[in-house]
Amino acid sequence: MDILSKAKALESAGKKVIHFEVGESDFNTAEPIVSAGIRALKEGKTKYTSAEGLPALRNQISQYYSNIGLDIPETRIFVTSGASSGLMLLSALLFNRGDEVFLPDPGYPCNEAFLAQVGAKPIRIQLKASEQFGFSANALETLWSSCSKGILLASPSNPLGAVLDEMLLQEIAQFVERKGGFFILDEIYQGLIHENESYSSGLAVTDDLFIINSFSKFFGMTGWRLGWVVIPSSAAELFSRLAQNLIISPNAPAQYAALAAFSKEAMMIHAERAEFFSHRAKKLSLGLKELGFEIPLMPQGGFYLYVDVSKFGMPSEEFCRRLLDDFHIAVTPGTDFGTHEASSYVRFSYTTSEVNIDEGLSRLAKAIPLLC
Ligand SMILES: Cc1ncc(COP(=O)(O)O)c(C=O)c1O
């Protein structure tokens with residue numbers, strides 16, 4: 001966000017900035033969703049809904065899973081105010097003061113804040129570039145203590161773009177179940193899977209996990225603030241009570257708009273955009289590699305690339321500052337996503353056009369000799 005506001009200040013001063021720092025789609029929300037939102041507002045659908053979300057929307061989400069071969073009853077689906085409120089509510093539901101929860105490092109930075117609000121303690125699992133940022137359930141065995149209560153992962157992940165395969169998901173689910181802990185899987189980038197990569201939802205592996213999802217990324221609705229969780233049936237009543245007390249209701253017009261997000265027309269738009277992200281991932285990663293950047297893990301989904309900049313001999317924050325100040329290229333330092341080797345990495349988002357990616361790469365080509 002600091003980088004983004006600095007970049008905006010440069011733009012106000014008339015500079016053309018190439019944005020590789022933005023964590024949201026550059027496409028506007030698809031037209032069928034916008035029209036449905038306007039219709040909802042005009043029809044006065046502006047009152048509280050039930051805390052669980054509109055029955056019709058829960059049903060549509062259930063149908064969405066059914067279309068990918070997963071039988072998830074709508075009674076396990078709860079609409080939230082973005083993945084963020086799902087993460088907040090699940091943290092409140094599952095964890096208490098002093099509980100330890102495992103998070104990947106690097107990983108989505110706000111997760112620590114959701115845990116902090118309930119006094120739970122994040123335990124970082126250091127992901128190593130030499131192991132392509134992977135990890136095994138065995139690694140958890142050595143870290144798990146009597147205070148450990150769960151693990152929170154994402155697939156595809158931010159900032160790595162890593163997808164967890166079905167076998168690993170199964171191993172983790174079995175391990176956590178054996179320990180009596182909770183497994184939360186953030187699937188907010190579901191649908192943004194790159195060409196030739198396979199993907200498995202955690203729901204294909206077990207019903208005994210907590211899924212975070214959102215309309216923000218694949219559905220391109222960041223500002224509408226709408227997401228959902230899928231939880232085991234046994235937790236449904238408690239989750240409802242928490243949602244009623246802490247949220248009252250997710251955004252009503254956004255929910256009516258989101259009903260149109262699953263229409264055939266809108267799904268075609270989302271799928272086409274996902275293909276664009278896949279092409280851009282290829283273009284940007286190949287371009288960066290040609291310029292000599294190391295990318296330990298080629299992204300499998302989402303819209304990020306995690307790139308090694310250690311050879312420039314400066315911490316990633318300084319690297320980002322110089323790229324922005326001197327070349328008007330905005331990227332995010334690895335230190336936003338954890339501490340493990342974070343000063344050696346930056347995150348590039350490919351939420352910008354191919355024309356901008358080409359321009360960014362040609363600016364980088366000029367920058368490299370001056371940065372070394
Ligand atoms: C992994 C991950 N989870 C959750 C969120 C928050 O998403 P939302 O906009 O749905 O609150 C983000 C946002 O970038 C994210 O990257």
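In the predicted model, the C-alpha centres of domain 1 and domain 2 are separated by 26 Å, the domain bounds being taken from an automatic or database domain assignment. Domain 1 comprises 2–28 + 266–371, and domain 2 comprises 31–263. To their contact, domain 1 contributes 31 residues and domain 2 contributes 38 residues, two residues being in contact if their C-beta atoms, placed from the backbone, lie within 7 Å. On the side of domain 1 that touches domain 2, helix 10 (264–290) and strand 9 (304–308) each provide at least two residues, and helix 10 gives the most, with eight residues. Helices (H or I, at least four residues) and strands (E, at least two) are DSSP runs, numbered from the N terminus. By class, this side of domain 1 has 15 nonpolar, ten polar and six charged residues, where Ala, Val, Leu, Ile, Met, Phe, Trp, Tyr, Cys and Pro count as nonpolar, Asp, Glu, Lys and Arg as charged, and the others, Gly among them, as polar.

Helix 4 (residues 82–94) packs with helix 8 (residues 236–246) at an angle of about 125 degrees, their axes lying 10 Å apart; axes are lines fitted to C-alpha atoms, for helices over the stretch in contact, and angles run from 0 to 180 degrees between N-to-C directions. The two helices are therefore oblique to each other, as angles under 35 degrees count as roughly parallel, over 145 as roughly antiparallel, 65 to 115 as roughly perpendicular and the rest as oblique. Leu89, Ala92 and Leu93 of helix 4 make the contact with Leu238, Phe239, Leu242, Ala243 and Leu246 of helix 8, which by class amounts to eight nonpolar, no polar and no charged residues.

Residues are numbered from 1 along each chain as its sequence is written. As the model is predicted, local features need pLDDT of at least 70 and side-chain atom pairs count only at pLDDT 80 or more, whereas totals for chains, interfaces and linings use all residues.
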